[in-house]
Amino acid sequence: MTSNQKKDTLRQKAENIIKQRGKMDINWYSKNLEELIEELQIYQVELEHQNIELQHISAKLEDAKARFMELYDQAPAGYTTINENYSIFEINNTLAHLLGHTKHDLINSSFTSFIEPRSQDSFYFHCNDVFNTPGISFSTDITLKVENAEYFMKVRSIADYFIDEVNLHARMVLMDITKEKLQEKELRESEEKFRRMFDDSALGIFNTTFNGKFLRANHSLAAMFKYDSPEEMIHSINDIRAELYVDPADRDRMIISLNESHDKKLHFETRFYRKDGSILYCNLHYRKVYEQTIKDYIIEGFLEDITKRKQSEKELLRSENLLNDSQHIAKIGGWEYEPQKRKINWTRETFLIHAWDKNTEPTLAQWIGLFNKKYQSVLKKAVQEALDFHKPFNIDVELHRKDTAVIRTSIIGKPIVENNKVERLMGTIQDITEKKIRQDQLSQSKEKLKLHNLISNAFITQKKSDFYVKVLSVVRKEFRSDFGYFGYIDTRGVLVCPSMTHEIWDQCEMPGKSIEFPPDSWSGLWGESLKQKKTLIKNEKLLVPEGHIQLSNAIAGVILYNNELIGQITLGNRKGGYQPEHIENLEELCNYIAPLLISKRKEELYEQNLIRAKEKAEENDNLKSAFLANMSHELRTPMNGIIGFSEMFMSEDISDEKRKQFATIVIDSSQRLLNIVNDILDISRIETGQLELSEDQVDLAKIFEDLKKFYTPLVRDKGLQLIMNNQLVADENLVYMDETKLHQVLNNLLSNALKFTNNGFIKVDCRIIDKNNLEFQVEDTGIGIAEEQHDLVFERFRQVETDLQKQFSGTGLGLAISKKMVELMNGEIWLTSTVAKGTTFGFTLPYKPLHSVNLRKHEKTTVSEHNDRQIIKDINYKILVAEDEQINFMYIKEALSDTKLEILHARNGREAVKMFRQNKDIRLVLMDIKMPLEDGFEATKKIKKLNTDIPVIAQTAYAMAYDREKALAAGCDDYLAKPIKKQHLIQLLVHYLINKSP
């Protein structure tokens with residue numbers, strides 16, 4: 001538009017404005033029109049500027065809209081708008097891409113088709129809330145299913161009429177929370193995993209208080225400490241420090257470290273006691289944490305069981321020591337070269353082989369420089385080929401040690417290759433100096449090996465003395481000797497030579513020729529060799545006994561085992577004589593033969609001992625068979641008297657005198673039977689080591705008087721004289737010893753003397769010798785004992801061995817028992833005897849006069865037998881007899897029938913206790929030990945609990961010393977051994993019912 005055209009347009013606009021204002025003066029109109037035109041021009045300019053600005057703003061808005069749409073489409077969140085039918089009205093690229101389609105494809109499609117079925121209900125309820133309450137924002141979580149993938153989305157929605165004023169549309173923002181959901185899932189799984197780890201972890205996990213009480217423990221911790229469950233462990237341990245720590249100070253150090261740690265994780269190694277008392281080695285890891293539930297700090301941590309590791313470390317250390325020792329013994333060292341670091345490493349033995357300071361390892365060049373110059377290039381080439389071509393090597397080279405010694409070594413090297421590159425060379429070096437020497441020697445000693453094999457075969461295959469001849473033959477051939485012998489030293493120290501060379505031995509004409517040579521006959525070269533325990537040679541002027549064949553030369557070698565002389569090999573008449581090297585060769589041969597000879601001699605001795613043992617066993621079997629046959633006779637004889645004469649008591653037509661005579665026979669037979677049983681019990685106590693001393697003050701004069709009273713009638717009946725010669729005077733008779741055993745020994749010796757003496761006398765002597773010993777002798781003029789049987793009579797069962805003695809009764813145990821008893825009392829027993837003239841048995845015992853022992857005799861209340869019977873008749877107390885055998889009870893009842901005692905009978909221990917409770921006036925209990933339901937020991941303990949003062953007397957058929965001690969230990973006041981003697985029973989009743997009554 002031109003300028004004139006603009007003016008015309010403005011004029012037209014101005015005229016229109018004026019017309020709107022009404023008619024005006026033309027002058028005013030013209031003037032006003034000009035002003036208006038000018039004003040309009042100005043306004044037009046402003047409008048043009050505004051239009052330009054609007055155009056700029058419009059362009060910016062379009063740009064902003066484009067950027068917004070780009071942000072909308074590319075936003076990290078998904079945006080969509082759906083109607084009430086769930087159809088997609090609008091969607092951004094982010095969500096469309098997530099759903100696997102383009103925006104265009106998704107418009108008007110159903111959004112619910114992409115929702116995973118398990119989230120459908122949740123989405124419908126969400127949409128219902130959104131469309132029913134426009135303008136209000138709602139949110140929910142849904143899962144989208146796209147092909148095989150699932151996406152967890154956080155949906156926030158709001159509905160309004162922003163599309164049109166008729167239909168509601170819901171704008172939705174979908175945030176992908178898949179990662180968060182997966183993290184939550186992982187967290188839950190982690191927590192569950194942690195719980196399972198806590199319960200199932202191989203580590204022992206715990207929480208404890210600072211004062212030593214478990215709060216939590218897992219199964220592994222309980223198992224480590226041998227508890228069946230964590231609960232058992234938690235409730236069983238009240239003080240961890242005192243009950244679990246091997247060293248409680250470890251717990252103290254732990255607490256101190258926690259207080260100084262500032263919540264750091266700490267650890268140390270310690271030891272614990274398990275439930276079964278075994279030791280548990282652990283690495284203890286722990287820290288201090290605040291426990292919200294108890295509002296205090298606790299200790300949490302875990303234990304790592306390193307018991308097996310500790311054992312393995314010990315084994316490893318042992319293995320390392322073994323390896324080092326083995327390397328040292330074998331003189332094998334290890335080495336390793338790292339080419340990247342140019343560093344060489346040596347084991348301990350390698351340093352020793354090189355005599356190199358172990359604190360400074362050499363370089364490869366220094367190492368190679370130690371070897372002999374002609375070998376340096378060989379070793380250097382081998383190492384280089386190993387590095388370049390991965391070629392192992394095994395070479396023998398000469399080494400110049402640091403201490404200037406020169407040795408031969410064998411070096412083995414092997415490259416360790418990774419990724420076609422040598423990471424390191426490793427190998428061994430062995431000092432083979434001795435090996436080389438041995439190889440040289442071995443190459444020269446094939447004949448020696450063959451010789452050893454021949455000798456070994458001779459020892460193995462030849463029997464008895466034949467191998468001595470065979471071995472000598474091999475040795476003679478080796479040393480090219482015409483004569484010789486191979487002998488052994490027997491247990492007497494005598495040289496025995498079963499292998500004398502027949503060619504020389506048969507020609508010897510010596511008096512008393514023998515292959516046994518006692519030490520006093522050792523002379524000449526062979527004798528000096530034995531005396532000096534040394535190999536000797538002589539090639540001239542050999543002196544030989546008269547009648548012996550002349551020898552031109554000889555060599556004598558001794559066979560030693562642990563420096564003990566066990567044999568000798570002597571050779572003679574070698575052409576050219578024997579040289580010093582033959583000494584070394586013979587000594588080596590003797591050393592080889594020594595263990596073989598020892599083994600062979602042991603084999604021979606074993607066979608001899610086996611034969612003797614067989615003979616001894618057969619002899620013992622015969623003795624025991626004879627003993628059993630004699631026992632049958634010995635037992636049946638008194639039993640015959642007891643049963644036979646007891647039956648005669650039943651006859652009504654016998655006189656009182658006969659009845660009394662029969663009673664005496666029954667009593668004597670019973671006493672004889674009891675003596676046999678006592679002998680058997682005594683030998684049983686001896687065999688089981690239960691024979692014990694019970695020393696007290698003894699009056700020897702009274703013992704002699706008692707023996708005299710007892711044996712005088714028996715001796716007189718056989719027409720013999722009894723001489724009792726006690727040479728002790730006054731207080732010398734009062735001594736300290738075991739009266740029972742002394743009485744039994746003298747009884748046995750007197751009974752033997754009486755048994756085997758038909759004429760003459762029996763004499764008993766007692767005297768003091770050396771001021772420290774008593775000597776007793778029992779001499780008789782009986783049948784005597786042959787000298788070869790003096791040692792045998794003290795053995796068990798020997799009484800029945802000879803036909804001569806079969807006419808005498810007895811068990812054959814008396815002297816064996818006497819010997820053991822005398823030895824138990826620190827004495828000795830012996831005998832002297834001449835057949836048909838008599839025998840003297842003597843024994844000594846330590847003399848312990850009473851004044852030197854400083855023992856005060858216990859005072860006892862003693863009353864005569866007559867007074868005991870009178871006293872018991874006037875006692876009307878109640879006593880309890882616990883006895884399961886009716887016959888035994890009947891005997892006790894009959895023995896006390898003439899008294900006023902009221903006797904209660906209990907048939908077992910349980911009944912005895914019951915009756916004692918029911919009868920408070922019982923004054924004494926006779927308690928059998930062996931009873932049904934409850935034995936006497938238990939019953940005694942219960943009765944003593946009810947009344948500690950009630951006297952309880954044990955009565956038992958057991959007769960061992962420990963039975964008496966056991967009864968007294970159970971609370972019994974005294975002890976009655978069966979068979980019970982009436983007078984002994986009465987004495988005990990009087991003592992405990994009268995003398996000890998309060």
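I started at Asp403, which counts as partly exposed at 38% relative accessibility. I'm keeping in mind that this is a predicted model. Asp403 has a charged partner: its side chain meets that of Arg401 in a salt bridge, 2.6 Å from N to O.

That made me search the whole structure for salt bridges, and the search finds 31. I picked out a few.

Arg241 forms one with Asp252, where the closest N and O atoms are 2.9 Å apart. This pair links distant parts of the chain, as Arg241 lies in helix 9 and Asp252 in helix 10, eleven residues apart. I looked up accessibility too: Arg241 is partly exposed at 34%, and Asp252 is partly exposed at 32%.

Next I checked Lys941 and Glu938, whose side chains meet in a salt bridge of 3.9 Å, N to O. Both sit in helix 29 (residues 936-946), three residues apart, so about one helical turn separates them. Lys941 is partly exposed at 41%, and Glu938 is partly exposed at 37%. I also noted a network: salt bridges with shared partners join Glu116, Arg118, Lys145 and Glu150.

Strand 16 (residues 481-489) pairs with strand 17 (residues 495-496) over two bridges, and Tyr488 has Val496 as its bridge partner.

Technical notes
Residues numbered from 1 in each chain as written. Predicted model: local features only at pLDDT ≥ 70, side-chain atom pairs only at ≥ 80, totals over all residues. Heavy atoms only, no water. Pairing = 2+ DSSP bridges. Helix = DSSP H or I, 4+ residues; strand = E, 2+ residues; numbered from the N terminus. Salt bridge = Lys/Arg side-chain N within 4 Å of Asp/Glu carboxyl O. Buried < 20%, exposed > 50% of the residue type's maximum accessible area, 1.4 Å probe, protein only.
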